[in-house]
Amino acid sequence: MPRTGSLDSFGSILDGLAKRLGLESRLLELRLQHEWRDIVGEPIGSHTWPAQIRFKKLSLVVRNSVWLQQLTFLKPALLAKLNEAAGTELVKEIVLRVGDIPVPATAPSDARATDGTSPEAEAALAEAAGHVSAIQDPGLRERFTSVISKYPSQAPLPPATGRSPVL
């Protein structure tokens with residue numbers, strides 16, 4: 001005899017199971033980390049990282065104290081965006097702390113530039129080596145070279161004249 005009741009969707013079964021096992025916040029945490037820039041937008045997403053959710057508190061890692069201060073004022077708007085993305089109120093508070101932001105995986109087209117095979121990358125490394133030659137510590141010198149060579153140079157800096165530039 002066939003059942004006459006309605007069928008539950010697989011998604012609703014998984015949601016119920018996650019809720020019963022207490023995995024709801026962990027699943028949201030992973031989803032936030034995966035879709036972070038899409039949810040909060042590029043400027044905030046590139047300077048922050050959702051580290052973890054515990055007891056309905058989102059621990060948000062911020063690149064520096066300037067962003068920490070700015071996000072202090074944006075907490076209500078961020079909470080609204082996060083809970084809208086979750087579909088329910090899984091986050092009630094955001095705790096901000098300064099720390100290192102994980103670097104997202106780069107696209108294959110960016111790999112050519114980091115190998116140093118392109119002329120632009122080689123020129124950037126040569127210019128960076130000139131700037132860091134006075135650093136004694138080899139590890140620190142290598143790190144600065146890496147940072148400087150990856151920084152996009154859009155326009156040359158004006159020469160130091162002792163005067164502040166007119167804006």
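Which backbone oxygen does the side chain of Ser-46 reach?

**View 1. Ser-46 and its surroundings.** The side chain of Ser-46 reaches the backbone oxygen of Pro-43 at 3.2 Å. Ser-46 sits in the loop between helix H3 (42-45) and strand S1. Its relative accessible area is 15%, which is under 20%, so Ser-46 counts as buried. Leaving aside neighbours within four places in sequence, Ser-46 is in contact with Arg-37, Arg-63 and Ile-101.

**View 2. Pro-50 in strand S1.** Pro-50 lies in S1. Pro-50 is buried, and its relative accessible area is 1%. In S2, Leu-60 is the bridge partner of Pro-50. Beyond four places in sequence, the contacts of Pro-50 are Leu-32, Gln-33, Trp-36, Leu-58, Ser-59 and Leu-60. Ile-101 is 51 residues from Pro-50 in sequence, and the two C-alpha atoms are 9.4 Å apart.

**View 3. The S1-S2 hairpin.** Strand S1 covers residues 48-54 and pairs with S2 in the antiparallel sense, over six bridges. Two residues separate the strands in this hairpin. Phe-55, in the turn, has a positive phi of about 55°. Strand S2 covers residues 57-62, and five of its six residues are buried, so S2 is largely enclosed by the rest of the structure.

**View 4. From S2 to S3.** S2 also pairs with S3, here in the parallel sense and over six bridges. Val-62 stands opposite Val-98 in S3. Between S2 and S3 the chain passes through helix H4 (residues 65-86), and this β-α-β crossover is right-handed. Strand S3 (residues 93-98) has the highest confidence in the chain, with a mean pLDDT of 94.

View 5. Helix H1 runs over residues 10-21. Its 12 residues should span 16 Å at 1.5 Å a residue. The end C-alpha atoms of H1 are 16 Å apart, so the model agrees with that expectation. Gly-22 follows H1 and has a positive phi, near 75°.

View 6. Helix H5 (residues 108-114) has the lowest confidence in the chain, at a mean pLDDT of 44. Over residues 106-116, pLDDT stays under 50. The model has six contacts beyond four places in sequence for these residues. Residues 153-167 also stay under 50, and there the model has zero contacts beyond four places in sequence. Where pLDDT is low, the predicted coordinates should not be read in detail.

**View 7. The chain as a whole.** The chain has seven helices and three strands. Along the sequence they follow the pattern α-α-α-β-β-α-β-α-α-α. Of the 167 residues, 22% count as buried. Among contacts between residues at least 6 apart in sequence, 50% join residues at least 24 apart. Mean pLDDT for the chain is 75, and 68% of the residues reach 70 or more.

Conventions. Residues numbered from 1 in each chain as written. Predicted model: local features only at pLDDT ≥ 70, side-chain atom pairs only at ≥ 80, totals over all residues. Heavy atoms only, no water. pLDDT = per-residue confidence, 0-100. Helix = DSSP H or I, 4+ residues; strand = E, 2+ residues; numbered from the N terminus. Contact = heavy atoms within 4.5 Å. Buried < 20%, exposed > 50% of the residue type's maximum accessible area, 1.4 Å probe, protein only. Pairing = 2+ DSSP bridges. Right-handed = clockwise from strand over helix to strand, strands pointing away. Polar contact = N/O pair within 3.5 Å; in protein donor to acceptor, adjacent residues only side chain to side chain. Expected span 1.5 Å × (residues − 1).
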